[in-house]
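Dear colleague,

Please read them with the coordinates open.

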Amino acid sequence: MNKQQKEVIYKTVKYMKELLSGEGTGHDWLHIERVWANARRINKAEKADAFVVELAALLHDISDWKFNGGDETAGAKKAAAWLNKLGVESEVVRQVAEIIENSSFKGAKVKNKIRTIEGKILQDADRLDAMGAIGVARAFAYGGSKGHEIYNPEIKPKLHSSAKEYKTNKSTTINHFHEKLLLLHDLMHTKTGRKLAERRHKFMQSYLKEFMGEVA
Ligand code: ADP
Ligand code: NI
């Protein structure tokens, strides 16, 4: 990255830190910081466009569709407005906006629209933070914020075939593991992502085994 690009990254870090301070659903600044670190680590092997990868990582949760009435383009628009304000070249803005618009998980049977290697790196980096011990914590924080039950044997997990169904689904947080989190290790795009996902996947499996043993 050149000096100008580093300056844009620095300003974006500052902006996102301020925007997400005090966030309590697992989409806080430290989530962004971990995704940013994961993305840089994955990109060491992939050698994609570092500026696009890092901007996408920093801005991906700027306005999540799950929290703003289901507008799937709000985050991409807000990110583009920010980058335009900083004078970032329009092709980079377009690429970052496209990644943000298409990076979110929208149901087990909904087709993933991520096309570019930069987008795949961001998606792997973000998904790693939904797995493992941190993933368990984030799932219960998110479920609690939405008033979902922790566990209910009467409600069965479902593999959703539309974003609307996935979003409006009043499932339990334990079901979310079967509806999304346990599927992620098979959906990793990059070799590094797959490698890092393995241990986190095994941890979630053993966590669920313990949980089911205690509630049985
Ligand atoms: P994505 O980009 O795929 O939407 P995010 O980075 O926005 O993912 O983070 C989603 C986080 O919120 C994950 O840790 C995920 O487990 C959690 N989450 C999303 N939906 C639910 C749900 N219905 N129940 C529990 N946790 C959820
Ligand atoms: Ni995220």
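Arg138 and Asp129 form a salt bridge whose closest N and O atoms are 3.7 Å apart, a salt bridge being a side-chain nitrogen of Lys or Arg within 4 Å of a carboxyl oxygen of Asp or Glu. Both Arg138 and Asp129 are buried, where buried means under 20% relative accessible area, exposed over 50% and partly exposed in between, computed with a 1.4 Å probe on protein chains only.

Before going further, the conventions: this is a predicted model, in which local features need pLDDT of at least 70 and side-chain atom pairs count only at pLDDT 80 or more, while totals for chains, interfaces and linings use all residues. Residues are numbered from 1 along each chain as its sequence is written, chains are lettered from A and ligands numbered from 1 in the order in which they are written, and side-chain values use heavy atoms, with hydrogens and water left out.

By the rule above, the count comes to 6 salt bridges. One of them joins the side chains of Glu98 and Arg115 at 2.8 Å, N to O, and this pair links distant parts of the chain, since Glu98 is in helix α5 and Arg115 in the loop between α5 and α6, 17 residues apart. Helices here are DSSP runs (H or I, at least four residues), numbered from the N terminus. Glu98 is buried, at 19% relative accessible area, whereas Arg115 counts as exposed at 55%. An α-helix has 3.6 residues a turn, so residues three or four places apart point the same way. Glu198 is partly exposed, with a relative accessible area of 46%, and Lys202 counts as exposed at 51%. Salt bridges that share partners also join Glu91, Arg94, Glu98 and Arg115 into one network.

Turning to the metal site, the nickel ion (ligand 2) is coordinated by His31 (NE2), His60 (NE2), Asp61 (OD) and Asp126 (OD), at 2.1 to 2.3 Å. Donors are N, O and S atoms within 2.8 Å of the metal (3.2 Å for Na, K and Ca), and water is not among the atoms, so sites may look incomplete. The spacing of the donor residues in sequence is H-x28-H-D-x64-D. His31 lies in helix α2 (residues 29–46) and Asp126 in helix α6 (residues 117–128), so this pair ties together parts that are 95 residues apart in sequence. Both His31 and Asp126 are buried.

Helix α1 (residues 3–20) has 18 residues and reaches 26 Å from its first C-alpha to its last, close to the 26 Å expected. Its buried residues, among them Val8, Ile9 and Met16, pack against α2, α3 and α4 (74–85). At its N-terminal end, α1 is capped by Asn2, a side-chain oxygen of which lies 3.1 Å from the backbone nitrogen of Gln4, and α1 is followed by Gly22, whose phi is positive, near 80°.

Trp29, in helix α2, counts as buried at 10% relative accessibility. Leaving aside neighbours within four places in sequence, Trp29 is in contact (heavy atoms within 4.5 Å) with Val13, Met16, Lys17, Leu20 and Leu58.

Finally, Asn175 is placed in helix α9 (residues 173–179) and counts as buried at 5% relative accessibility. Its side chain reaches the backbone oxygen of Ile155 at 3.0 Å, and a polar contact of 3.1 Å joins the side chains of Asn175 and Ser171. A polar contact is a pair of N or O atoms within 3.5 Å; within protein, one must be able to donate a hydrogen and the other to accept it, and residues adjacent in sequence count only if both atoms are side-chain atoms.

Conventions
Helix = DSSP H or I, 4+ residues; strand = E, 2+ residues; numbered from the N terminus. Expected span 1.5 Å × (residues − 1).
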